[in-house]
Amino acid sequence: MNLRLYSDLAHLWPIISPPEEYMVEAQEWLDVIRGRLDLTAATGRGLPTLLELGCGGGHLLSHLTEHFITEAVDISPQMLEISQRLNPQTLHHQGDMRDVRLGRTFDVVAIHDAINYMTTEGDLGAAIATAEAHLNPGGVLLLAPDCIEETFTGPRVVEWTREAEDRSVTFIEYMGKPRAGSTTVESVFIFVIDDDGDIRVETDRHTGGLFPTNTWLGLLDAAGLAAEYIQTNAYEGGFGGNLFVGRKG
Ligand SMILES: C[S@@+](CC[C@H](N)C(=O)[O-])C[C@H]1O[C@@H](n2cnc3c(N)ncnc32)[C@H](O)[C@@H]1O
């Protein structure tokens, strides 16, 4: 997998998707967690614990670190470096969400939009098995895919511009039409980087998973987690707004 956004273009992530844009979603997550986790049991041991798999730049995580003792995993060393800078109190590990095993368990395990990179039912099941293996009894798993099959209609184009100190970056994403019978959607990313009039264009291609609600709920159930679907607020361009929750008995 060579995804430029998470390797040589990783420095663009904090510009096109800055941490402050995750505040509302983090608050929604906190409400969902508080409604399901026995915080008195967790806080008996101090702050509850949270593991994020596929933390990326740690932007969403940065709104959770005051509420939890946190650890984070990502496959990309460049993204881990960005998250480490933003979240110095979090223990970071390089690993693949499909097979990483830290040998510890947590009150909450979360996989935010990184779950999009699970493109087969086998991979999605493996990531859920990893999450389950890291959950305490009574613990809560959150999965937040950008798209689910029932509500996704491609092709879809989204674009926005963000200003940084010395540059402006315009991000354009084209998401294709899902092929019949396929569990994936192809995306093309275009980055227009304007350094004070010196304009450069970079491109990248990603493949994301697209599964119906029943697949998500069925895989959570098969992993022994009590499953539910919660609709939350979507981001610009209609991304997100989906939360699958699993509770370990
Ligand atoms: C969109 S970014 C996540 C951004 C994150 N939600 C944030 O708040 O900054 C997706 C991340 O998933 C990671 N990723 C993709 N496949 C992975 C895998 N198999 N295991 C772990 N991380 C993975 C990528 O390296 C990337 O950092």
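# Exercises on a predicted chain

The chain carries 17 positive and 37 negative side chains, and the centres of the two sets are 5 Å apart. Lys and Arg count as positive, Asp and Glu as negative, while His and the chain ends are not counted; a charge is placed at NZ of Lys, CZ of Arg, CG of Asp or CD of Glu. The model is predicted: local features need pLDDT of at least 70, side-chain atom pairs count only at pLDDT 80 or more, and totals for chains, interfaces and linings use all residues. Residues are numbered from 1 along each chain as its sequence is written, and side-chain values use heavy atoms, with hydrogens and water left out.

## Exercise 1: the whole chain

Find how the radius of gyration of the chain compares with that of a compact globule.

Solution. 
1. The radius is taken over C-alpha atoms, and the globule rule is 2.2 Å times the number of residues to the power 0.38.
2. For 249 residues a compact globule would have a radius near 18 Å; the chain has 18 Å, so the two agree.
3. The C-alpha atoms fill a box of roughly 55 × 45 × 30 Å along the principal axes.

## Exercise 2: helix α2

Check the span of helix α2 (residues 23–36) and state what its buried residues pack against.

Solution. 
1. Helices (H or I, at least four residues) and strands (E, at least two) are DSSP runs, numbered from the N terminus; the chain has six helices and 11 strands.
2. The expected span is 1.5 Å times one less than the number of residues.
3. The 14 residues of α2 should therefore span 20 Å, and its end C-alpha atoms are 20 Å apart, which agrees.
4. The buried residues in α2 are Glu25, Ala26, Glu28, Trp29, Leu30, Val32 and Ile33.
5. These pack against β4 (106–111), β5 (135–143), β10 (225–234) and β11 (240–248), with contact meaning heavy atoms within 4.5 Å.

## Exercise 3: threonine 213

Decide whether threonine 213 is buried or exposed, and place it in its helix.

Solution. 
1. Threonine 213 lies in helix α6 (residues 213–222).
2. Its relative accessibility is 16%, so threonine 213 counts as buried.
3. Leaving out residues up to four places away in sequence, threonine 213 touches Ile148, Glu150, Tyr229 and Phe244.
4. Thr213, Thr215, Trp216, Leu219 and Leu220 are buried in α6, and their cover includes α5 (121–133), β5, β10 and β11.
5. After α6 comes glycine 224, with a positive phi near 85 degrees.

Terms used. Buried means under 20% relative accessible area, exposed over 50%, partly exposed in between (1.4 Å probe, protein chains only).
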